[in-house]
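Here is a short walk through a structure that may be new to you. Keep the view open as you read.

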Amino acid sequence: MTTVAPCFEPAVGRYITIDVEGRRNRVYVEQAGEGIPLLCLHTAGADSRQYRALMNDERLLSQYRVIAFDLPYHGKSSPPEGWERDDYLLTSDRYVATVMKVIEALGIDRPIVMGCSIGGRAVLHLALRHGPKFRAAIGLQSGLHAESVFNAQYSDEAIMNRPEAHGGEMCSMLISGLIGPEAPHKDRWETIWHYMQGGPGVFAGDLYYYFDDGDLRNGLVANIDTAVCPLYLLSGEYDYSAPPEAAEEVARHVAGAKYSLMPGLGHFPMSEDPERFLGYLRPVLDEIRARESGVAA
Amino acid sequence: MPSTEILDALNADPSVQRRLRFANCVLRIETGDRRWLLALRDGKVASAAADETADVTIRIAPEAWAAFQQPVPPPGCHDIYAMAETGRADVTGDFLTLFRYSYVLKDILQQLATGRMFG
């Protein structure tokens with residue numbers, strides 16, 4: 001009998017169980033590669049598949065251990081027991097606690113943390129509250145806060161999940177314009193597909209952090225110490241939700257933060273146009289590595 | 001009213017057909033002195049009667065409409081929601097209807113502007 005070697009991609013997915021705010025959560029984690037841990041945080045209403053291209057980039061995987069997990073309620077992570085009786089709401093405290101619990105459960109030492117959108121906000125909270133625990137923070141589509149002319153409609157009993165609406169279609173439609181016009185067709189629609197698969201109320205619950213609870217216009221970001229946790233901000237120019245000006249504003253408030261525009265990209269750089277994004281990411285990672293070498297020397 | 005070619009292209013698209021299966025609404029699209037009143041009904045996009053009331057009205061600034069027609073539109077002009085969020089378009093009416101049929105709206109706008117589909 002002839003056996004054929006399986007054609008697996010490099011990423012390996014496993015589950016961990018973490019306690020967050022007194023509730024037990026079964027969380028899905030994917031990782032690939034060897035080297036400096038690069039912990040990746042997905043956007044609101046999506047999951048770790050957004051980092052699929054990074055998990056398949058040989059050059060990246062030769063130097064970094066790329067790790068991505070699905071927040072509870074997202075992707076292959078379960079909601080905690082009793083979810084059916086609650087409205088899901090992501091708060092700053094819950095988000096930070098979840099990330100730190102994942103790091104603890106995985107035994108990761110000083111990862112680079114990179115997040116997009118709500119993840120781009122979360123890296124600010126993480127750098128602020130737990131800076132020494134990170135080698136660096138990379139905020140994609142970061143901002144101190146976010147607003148929308150449709151906020152009243154978003155919060156109208158979460159219009160995207162009303163019984164007379166198709167939640168998946170609604171959630172995906174709301175983000176579909178945030179993708180750059182030159183994104184490859186396949187990656188544009190994969191990005192949209194992820195949003196079609198969210199559970200009811202999950203995207204809206206994440207937006208609570210994005211629009212309300214995670215608001216950082218309180219001056220606290222000035223306390224981020226970039227000598228301890230360097231902060232890099234990369235912004236896609238087609239993002240009208242977390243636009244480049246929002247990241248520039250962060251950079252103005254955080255001494256030592258480094259901001260770069262990503263022409264051609266929108267709100268989901270790593271998912272909508274991975275190759276273009278990697279072109280912007282690699283120099284940042286190189287700089288972090290070089291800094292680490294300098295510190296070590 | 002849109003050309004027959006535009007309506008045919010829209011109505012031949014499987015995703016438009018699927019999304020309009022249960023639609024019954026009227027969209028008004030305006031930019032400069034151009035006006036389109038469209039009915040999404042009976043599984044199709046068609047011109048609406050002039051006296052029909054629009055459920056959703058979209059008004060797009062002429063400069064934004066011109067920019068939208070470029071092969072690579074600039075930021076803020078690449079999508080109807082980008083235009084709305086950046087003050088280049090005004091959207092009024094029933095938002096549940098708007099959100100339900102926005103993919104079709106995007107196809108309609110792309111067809112009117114460039115002869116392509118959003119999808």
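A crossing of two helices is right-handed if the near helix is turned clockwise from the far one by less than a right angle, and left-handed if anticlockwise. Keep that in mind for this predicted model.

Start with a pair of helices. Helix 5 of chain A spans residues 167-176, and helix 6 of chain A spans residues 185-196. Two packed helices are described by the angle between their axes and the distance between the axes. Here the axes come within 7 Å and cross at roughly 135°. Helix 5 and helix 6 of chain A are therefore oblique to each other. Helix 5 of chain A passes helix 6 of chain A in a right-handed crossing. By class, their contact has five nonpolar, three polar and two charged residues. Helix 5 of chain A brings Gly168(A), Glu169(A), Cys171(A), Ser172(A), Ile175(A) and Ser176(A). Helix 6 of chain A meets them with Arg188(A), Ile192(A), Tyr195(A) and Met196(A).

Now turn to helix 8 of chain A, residues 244-253. Pro244(A), Ala246(A), Ala247(A) and Val250(A) are buried there. They lie on the same side of helix 8 of chain A, because they cover an arc of only 160° around the axis. What covers them includes helix 3 (118-130), strand 7 (231-236) and strand 8 (258-262) of chain A.

Take one of these residues. Val250(A) sits in helix 8 of chain A. Val250(A) counts as buried because its relative accessibility is 0%. Beyond residues up to four places away in sequence, Val250(A) touches Leu124(A), Gly143(A), Leu144(A), Leu231(A) and Leu233(A). What separates Val250(A) from Asp187(A)? The two are 63 residues apart in sequence and 29 Å apart in space, C-alpha to C-alpha.

How values were computed:
Residues are numbered from 1 along each chain as its sequence is written. Chains are lettered from A and ligands numbered from 1 in the order in which they are written. This is a predicted model: local features need pLDDT of at least 70, side-chain atom pairs count only at pLDDT 80 or more; totals for chains, interfaces and linings use all residues. Side-chain values use heavy atoms; hydrogens and water are left out. Buried means under 20% relative accessible area, exposed over 50%, partly exposed in between (1.4 Å probe, protein chains only). Helices (H or I, at least four residues) and strands (E, at least two) are DSSP runs, numbered from the N terminus. The arc is that of the directions from the helix axis to the C-beta atoms. Contact means heavy atoms within 4.5 Å. Axes are lines fitted to C-alpha atoms, for helices over the stretch in contact, and angles run from 0 to 180 degrees between N-to-C directions. Angles under 35 degrees count as roughly parallel, over 145 as roughly antiparallel, 65 to 115 as roughly perpendicular and the rest as oblique. Ala, Val, Leu, Ile, Met, Phe, Trp, Tyr, Cys and Pro count as nonpolar, Asp, Glu, Lys and Arg as charged, and the others, Gly among them, as polar.
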